[in-house]
Amino acid sequence: MRLARIAHADGVSFAALQSPTTAGGEPEAGDVCAEIAEHPFGDPTFTGRTWPLADVRLLAPILPTKVVCIGKNYADHVSEMGGETPPAPLIFMKPSTTVIGPGLPIQMPPDSQRVDYEGELAVVIGMPCRDVPEARARDVVLGYTVANDVTARDLQQADGQWTRAKGYDSFCPLGPWIETTIDPGDLAIRTELDGEVRQESRTHLLLHPVEELIAYISRVMTLLPGDVILTGTPAGVGPMSAGQQVSVTVEGIGTLTNPVQAR
(Lines give C-alpha, C1' and ligand atoms only; values in the text may rest on other atoms or scores of the structure.)
Protein backbone atom coordinates (compact mmCIF):
# COMPACT_ATOMS: atom_id res chain seq x y z
CA MET A 1 0.00 0.00 0.00
CA ARG A 2 1.13 3.54 -0.73
CA LEU A 3 0.19 5.93 2.06
CA ALA A 4 0.15 9.65 1.42
CA ARG A 5 -0.76 12.81 3.25
CA ILE A 6 -2.68 15.17 1.01
CA ALA A 7 -4.15 18.65 0.93
CA HIS A 8 -7.54 18.80 -0.81
CA ALA A 9 -10.49 21.17 -1.09
CA ASP A 10 -11.83 20.14 2.33
CA GLY A 11 -8.56 20.15 4.29
CA VAL A 12 -5.77 17.66 4.96
CA SER A 13 -6.08 13.86 5.13
CA PHE A 14 -4.10 10.67 5.10
CA ALA A 15 -4.94 8.61 2.04
CA ALA A 16 -4.06 5.40 0.26
CA LEU A 17 -3.10 5.67 -3.39
CA GLN A 18 -5.15 3.27 -5.47
CA SER A 19 -5.17 2.49 -9.17
CA PRO A 20 -8.76 2.81 -10.41
CA THR A 21 -10.43 0.22 -12.60
CA THR A 22 -13.50 0.22 -14.80
CA ALA A 23 -16.59 -1.84 -14.02
CA GLY A 24 -15.07 -4.55 -16.18
CA GLY A 25 -11.83 -4.59 -14.17
CA GLU A 26 -9.69 -2.75 -16.71
CA PRO A 27 -7.15 -0.23 -15.37
CA GLU A 28 -7.93 3.45 -15.80
CA ALA A 29 -5.46 6.30 -16.12
CA GLY A 30 -4.35 8.14 -12.98
CA ASP A 31 -4.20 7.21 -9.31
CA VAL A 32 -7.00 7.88 -6.85
CA CYS A 33 -6.47 8.98 -3.23
CA ALA A 34 -8.80 7.07 -0.89
CA GLU A 35 -9.21 8.99 2.37
CA ILE A 36 -8.16 7.22 5.57
CA ALA A 37 -10.08 7.95 8.75
CA GLU A 38 -7.86 9.52 11.43
CA HIS A 39 -4.39 7.95 10.90
CA PRO A 40 -2.66 5.21 8.89
CA PHE A 41 -1.32 3.17 11.82
CA GLY A 42 -2.58 -0.31 12.63
CA ASP A 43 -5.43 -1.39 10.38
CA PRO A 44 -6.57 1.83 8.70
CA THR A 45 -10.23 2.38 7.91
CA PHE A 46 -11.51 4.38 4.95
CA THR A 47 -14.12 7.12 4.89
CA GLY A 48 -15.30 6.36 1.38
CA ARG A 49 -14.20 9.76 0.03
CA THR A 50 -11.76 9.80 -2.89
CA TRP A 51 -9.95 12.38 -5.00
CA PRO A 52 -7.93 12.00 -8.20
CA LEU A 53 -4.25 12.36 -7.39
CA ALA A 54 -4.07 15.14 -9.97
CA ASP A 55 -6.56 17.19 -7.90
CA VAL A 56 -4.69 17.12 -4.57
CA ARG A 57 -1.31 18.32 -3.31
CA LEU A 58 1.10 15.83 -1.79
CA LEU A 59 2.43 16.88 1.63
CA ALA A 60 5.20 15.36 3.71
CA PRO A 61 3.78 11.86 4.19
CA ILE A 62 4.25 11.95 7.97
CA LEU A 63 4.93 14.51 10.70
CA PRO A 64 7.36 12.75 13.07
CA THR A 65 8.01 13.58 16.70
CA LYS A 66 11.69 13.06 15.86
CA VAL A 67 13.94 12.28 12.91
CA VAL A 68 16.78 9.97 13.92
CA CYS A 69 19.64 9.95 11.42
CA ILE A 70 22.62 7.71 10.80
CA GLY A 71 25.95 9.13 9.69
CA LYS A 72 28.68 7.41 7.67
CA ASN A 73 26.64 4.31 6.85
CA TYR A 74 28.05 3.65 3.35
CA ALA A 75 31.75 2.80 3.04
CA ASP A 76 32.19 4.99 -0.04
CA HIS A 77 30.71 7.98 1.79
CA VAL A 78 33.04 7.36 4.74
CA SER A 79 35.96 7.47 2.28
CA GLU A 80 34.86 10.71 0.64
CA MET A 81 34.32 12.41 4.01
CA GLY A 82 37.52 11.10 5.59
CA GLY A 83 37.97 9.56 9.01
CA GLU A 84 37.28 6.08 10.30
CA THR A 85 34.30 3.82 9.76
CA PRO A 86 32.17 3.96 12.94
CA PRO A 87 32.08 0.54 14.65
CA ALA A 88 28.43 1.11 15.63
CA PRO A 89 25.68 3.24 14.08
CA LEU A 90 26.50 6.93 14.42
CA ILE A 91 23.30 8.65 15.60
CA PHE A 92 22.32 12.28 15.25
CA MET A 93 18.93 13.98 15.07
CA LYS A 94 16.99 16.56 13.12
CA PRO A 95 14.15 18.55 14.70
CA SER A 96 10.66 17.92 13.40
CA THR A 97 10.64 21.47 12.01
CA THR A 98 13.12 20.43 9.30
CA VAL A 99 10.45 18.31 7.57
CA ILE A 100 8.94 19.52 4.30
CA GLY A 101 7.06 17.71 1.56
CA PRO A 102 7.66 17.19 -2.14
CA GLY A 103 7.79 20.30 -4.27
CA LEU A 104 8.45 22.68 -1.39
CA PRO A 105 11.69 24.67 -1.48
CA ILE A 106 14.84 23.82 0.41
CA GLN A 107 15.79 27.19 1.85
CA MET A 108 19.46 28.13 1.87
CA PRO A 109 20.30 29.90 5.14
CA PRO A 110 22.41 33.08 4.93
CA ASP A 111 24.77 31.67 7.60
CA SER A 112 26.10 28.96 5.26
CA GLN A 113 28.19 29.16 2.11
CA ARG A 114 27.75 25.46 1.25
CA VAL A 115 24.54 23.46 1.56
CA ASP A 116 24.70 19.83 0.37
CA TYR A 117 22.11 17.25 -0.75
CA GLU A 118 22.22 13.76 0.79
CA GLY A 119 19.75 11.28 -0.71
CA GLU A 120 18.59 8.51 1.63
CA LEU A 121 16.12 5.72 2.28
CA ALA A 122 13.90 6.60 5.25
CA VAL A 123 12.12 4.20 7.61
CA VAL A 124 8.77 5.20 9.13
CA ILE A 125 7.93 3.59 12.48
CA GLY A 126 4.41 2.22 12.88
CA MET A 127 4.01 1.57 16.62
CA PRO A 128 5.48 2.58 19.97
CA CYS A 129 8.55 0.43 20.57
CA ARG A 130 11.59 0.06 22.74
CA ASP A 131 14.38 -2.55 22.94
CA VAL A 132 13.30 -4.13 19.66
CA PRO A 133 15.31 -7.26 18.76
CA GLU A 134 16.67 -7.32 15.21
CA ALA A 135 14.57 -10.38 14.41
CA ARG A 136 11.40 -8.38 15.10
CA ALA A 137 12.54 -5.04 13.70
CA ARG A 138 10.38 -5.11 10.58
CA ASP A 139 7.28 -5.75 12.72
CA VAL A 140 7.46 -2.17 14.03
CA VAL A 141 7.82 -0.54 10.59
CA LEU A 142 4.89 1.21 8.92
CA GLY A 143 6.81 1.59 5.66
CA TYR A 144 9.55 3.39 3.79
CA THR A 145 9.87 6.76 2.09
CA VAL A 146 12.50 8.94 0.42
CA ALA A 147 14.54 11.57 2.26
CA ASN A 148 17.08 14.28 1.61
CA ASP A 149 19.32 14.90 4.63
CA VAL A 150 20.19 18.47 3.67
CA THR A 151 23.38 19.65 5.39
CA ALA A 152 25.17 22.98 5.78
CA ARG A 153 28.57 21.39 5.25
CA ASP A 154 30.69 24.37 6.25
CA LEU A 155 28.80 24.73 9.54
CA GLN A 156 29.10 21.01 10.22
CA GLN A 157 32.87 21.29 9.89
CA ALA A 158 33.04 24.50 11.90
CA ASP A 159 30.89 23.34 14.81
CA GLY A 160 32.34 19.86 15.25
CA GLN A 161 28.85 18.57 16.06
CA TRP A 162 25.97 18.49 13.67
CA THR A 163 22.87 20.03 15.23
CA ARG A 164 23.03 23.43 13.57
CA ALA A 165 24.24 22.11 10.22
CA LYS A 166 21.42 19.56 9.99
CA GLY A 167 18.69 21.45 11.80
CA TYR A 168 17.56 24.37 9.67
CA ASP A 169 13.92 24.60 8.64
CA SER A 170 13.37 22.74 5.33
CA PHE A 171 16.46 20.55 5.77
CA CYS A 172 14.52 17.26 5.77
CA PRO A 173 12.40 16.81 2.65
CA LEU A 174 10.33 13.60 2.84
CA GLY A 175 8.05 11.93 0.31
CA PRO A 176 6.34 11.55 -1.97
CA TRP A 177 4.52 8.82 0.03
CA ILE A 178 5.14 5.82 2.28
CA GLU A 179 5.44 2.40 0.65
CA THR A 180 4.42 -0.35 3.08
CA THR A 181 5.20 -3.51 1.10
CA ILE A 182 8.79 -3.29 -0.14
CA ASP A 183 11.85 -5.11 1.18
CA PRO A 184 14.51 -2.48 2.03
CA GLY A 185 17.42 -4.90 1.73
CA ASP A 186 18.55 -4.10 -1.81
CA LEU A 187 16.98 -1.02 -3.36
CA ALA A 188 18.59 1.30 -5.89
CA ILE A 189 19.02 4.88 -4.68
CA ARG A 190 19.87 7.83 -6.90
CA THR A 191 20.21 11.60 -6.45
CA GLU A 192 20.04 14.02 -9.38
CA LEU A 193 20.84 17.73 -9.37
CA ASP A 194 19.20 19.55 -12.28
CA GLY A 195 18.82 16.16 -14.00
CA GLU A 196 22.47 15.15 -13.60
CA VAL A 197 23.11 12.00 -11.55
CA ARG A 198 25.29 12.80 -8.52
CA GLN A 199 24.69 9.80 -6.23
CA GLU A 200 23.96 6.21 -7.24
CA SER A 201 24.10 3.17 -4.99
CA ARG A 202 22.07 0.31 -3.48
CA THR A 203 20.86 -0.24 0.06
CA HIS A 204 22.54 -3.63 0.38
CA LEU A 205 25.73 -1.58 0.80
CA LEU A 206 24.53 -0.07 4.09
CA LEU A 207 27.15 -0.84 6.74
CA HIS A 208 24.37 -1.17 9.30
CA PRO A 209 21.11 -2.43 7.73
CA VAL A 210 17.61 -1.33 8.66
CA GLU A 211 17.00 -4.09 11.21
CA GLU A 212 20.22 -3.31 13.08
CA LEU A 213 19.44 0.40 13.08
CA ILE A 214 15.98 -0.09 14.59
CA ALA A 215 17.34 -2.42 17.28
CA TYR A 216 20.23 -0.06 18.10
CA ILE A 217 18.19 3.14 18.22
CA SER A 218 15.34 1.60 20.21
CA ARG A 219 17.81 0.60 22.92
CA VAL A 220 18.55 4.31 23.32
CA MET A 221 15.12 5.90 22.94
CA THR A 222 11.48 4.94 22.59
CA LEU A 223 10.32 5.21 19.00
CA LEU A 224 6.78 6.47 18.43
CA PRO A 225 4.37 5.98 15.53
CA GLY A 226 5.43 8.24 12.69
CA ASP A 227 9.02 8.66 13.83
CA VAL A 228 11.49 8.56 10.95
CA ILE A 229 14.93 6.97 10.68
CA LEU A 230 17.24 8.23 7.92
CA THR A 231 19.52 5.32 7.06
CA GLY A 232 22.52 7.20 5.66
CA THR A 233 23.72 8.54 2.33
CA PRO A 234 26.11 7.05 -0.25
CA ALA A 235 29.06 8.80 -1.86
CA GLY A 236 28.57 11.74 -4.17
CA VAL A 237 27.27 14.38 -1.78
CA GLY A 238 27.76 17.90 -3.02
CA PRO A 239 26.56 21.49 -2.93
CA MET A 240 23.30 22.95 -4.21
CA SER A 241 22.63 26.53 -5.28
CA ALA A 242 19.51 28.66 -5.30
CA GLY A 243 17.62 28.10 -8.54
CA GLN A 244 18.58 24.43 -8.81
CA GLN A 245 16.37 21.37 -8.29
CA VAL A 246 17.30 18.16 -6.49
CA SER A 247 15.56 14.80 -6.93
CA VAL A 248 16.10 11.64 -4.88
CA THR A 249 14.73 8.34 -6.18
CA VAL A 250 14.48 5.07 -4.28
CA GLU A 251 13.53 1.96 -6.20
CA GLY A 252 10.04 0.71 -5.38
CA ILE A 253 9.01 3.97 -3.71
CA GLY A 254 9.32 6.91 -6.09
CA THR A 255 11.02 10.26 -6.55
CA LEU A 256 11.20 13.19 -4.14
CA THR A 257 11.87 16.50 -5.89
CA ASN A 258 12.48 19.90 -4.29
CA PRO A 259 13.62 23.24 -5.68
CA VAL A 260 16.36 25.18 -3.92
CA GLN A 261 15.99 28.84 -3.04
CA ALA A 262 17.68 31.48 -0.91
CA ARG A 263 16.05 32.09 2.46
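## A walk from the aromatic pairs to the core

Searching the whole structure turns up two aromatic pairs; rings of Phe, Tyr and Trp (its six-membered ring) pair if their centres lie within 6.5 Å, with planes under 30 degrees apart counted as stacked, over 60 as edge-to-face and the rest as tilted. Before you click, note that this is a predicted model: local features need pLDDT of at least 70, side-chain atom pairs count only at pLDDT 80 or more, and totals for chains, interfaces and linings use all residues. Residues are numbered from 1 along each chain as its sequence is written, and side-chain values use heavy atoms, leaving out hydrogens and water.

**Stop 1: the rings.** Select phenylalanine 92 and tryptophan 162. Their ring centres are 4.9 Å apart and the planes meet at 70°, so this pair is edge-to-face. Phenylalanine 92 sits in strand β7 and tryptophan 162 in the loop between α2 (153-159) and α3 (163-166), so to speak distant parts of the chain, 70 residues apart. Helices (H or I, at least four residues) and strands (E, at least two) are DSSP runs, numbered from the N terminus. Phenylalanine 92 is buried at 9% relative accessibility, while tryptophan 162 is partly exposed at 21%; buried means under 20% relative accessible area, exposed over 50%, partly exposed in between (1.4 Å probe, protein chains only).

Now pick tyrosine 168 and phenylalanine 171, a tilted pair with 5.3 Å centre to centre and 55° between the planes. Tyrosine 168 is buried at 12%, and phenylalanine 171 is buried at 0%.

**Stop 2: helix α4.** Select residues 210-220. The buried residues here are Val210, Glu211, Leu213, Ile214, Ala215, Ile217 and Ser218. Zoom in on isoleucine 214, which, leaving aside neighbours within four places in sequence, is in contact (heavy atoms within 4.5 Å) with Val123, Val132, Ala137, Val140, Val141 and Ile229.

**Stop 3: strand β12.** Eight of the eight residues of β12 are buried. On one pairing, seven bridges join β12 to β11, running antiparallel; two strands pair if DSSP finds at least two bridges between them. Look for leucine 121 opposite valine 146. Three bridges join β12 to β14 (residues 172-179), also antiparallel, and there tyrosine 144 has glutamate 179 as its bridge partner.

**Stop 4: the cores.** A nonpolar core is a set of buried Ala, Val, Leu, Ile, Met, Phe, Trp, Tyr and Cys residues joined through side-chain atoms within 4.5 Å. In the largest, of 37 residues, Ile6, Tyr144, Ile214, Leu223 and Ile253 touch the most other members. Colour β1 (2-8), β2 (11-18), β6, β11, β12, α4 and β19 (245-250): each supplies at least two residues of this core, and α4 gives the largest share, four residues. A second, separate core of 20 residues includes Ile36, Phe92, Val99 and Leu230.
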